[in-house]
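This report describes one protein chain, from its overall fold to a single residue. The sequence and structure come first.

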Amino acid sequence: MSINSIDHNEIADVSSKWDFKDETASNISQYKRQQAEARRRIEMLRDIRASGLTIEEAKELGLIH
């Protein structure tokens with residue numbers, strides 16, 4: 001899709017329907033956020049392992065802290 005093929009009127013119409021509540025996600029509990037962060041870290045470590053890198057190499061490349 002080209003940037004020129006985007007209907008800007010349609011996008012403006014959709015953006016006017018957004019609700020601030022949808023953007024903040026404040027209704028998600030701290031526990032659920034921690035679970036999601038843990039799942040992302042686990043998936044990242046699995047990807048690093050599948051790529052053949054060691055943890056030390058991943059740290060050197062800045063992939064993990």
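Helices here are DSSP runs of H or I with at least four residues, numbered from the N terminus. With that numbering, Leu63 lies in the segment after helix H4 (55-60). The model is predicted.

**Overall fold**

The protein chain has four helices and zero strands, in the order α-α-α-α from the N terminus. Of its 65 residues, 6% are buried. The accessible surface of the chain is about 6,100 Å², and carbon and sulfur atoms account for 53% of that area.

**Confidence**

Mean pLDDT for the protein chain is 78, with 65% of residues at 70 or more. Confidence is lowest in helix H2 and highest in H3, as the table shows.

| Part of the model | Mean pLDDT |
|---|---|
| Protein chain | 78 |
| Helix H2 (residues 20-24) | 54 |
| Helix H3 | 91 |

**Helix H3**

Helix H3 covers residues 30-51, 22 residues in total. From its first C-alpha to its last it reaches 32 Å, close to the 32 Å expected at 1.5 Å a residue. Just after H3, Gly52 adopts a positive phi of about 95°.

**Leu63**

Is Leu63 buried, partly exposed or exposed? Its relative accessibility is 43%. Partly exposed covers the range between the buried limit of under 20% and the exposed limit of over 50%, so Leu63 counts as partly exposed.

Leaving aside residues up to four places away in sequence, Leu63 touches Met44, Ile48, Leu53 and Ala58. Leu63 and Ile48 are 15 residues apart in sequence, and their C-alpha atoms are 8.6 Å apart in space.

Terms used:
Residues are numbered from 1 along each chain as its sequence is written. This is a predicted model: local features need pLDDT of at least 70, side-chain atom pairs count only at pLDDT 80 or more; totals for chains, interfaces and linings use all residues. Side-chain values use heavy atoms; hydrogens and water are left out. Helices (H or I, at least four residues) and strands (E, at least two) are DSSP runs, numbered from the N terminus. The expected span of a helix is 1.5 Å times one less than its number of residues. Buried means under 20% relative accessible area, exposed over 50%, partly exposed in between (1.4 Å probe, protein chains only). Accessible areas come from the Shrake-Rupley method with a 1.4 Å probe; for residues, only the protein chains shown count as cover. pLDDT is the predictor's confidence in each residue, from 0 to 100. Contact means heavy atoms within 4.5 Å.
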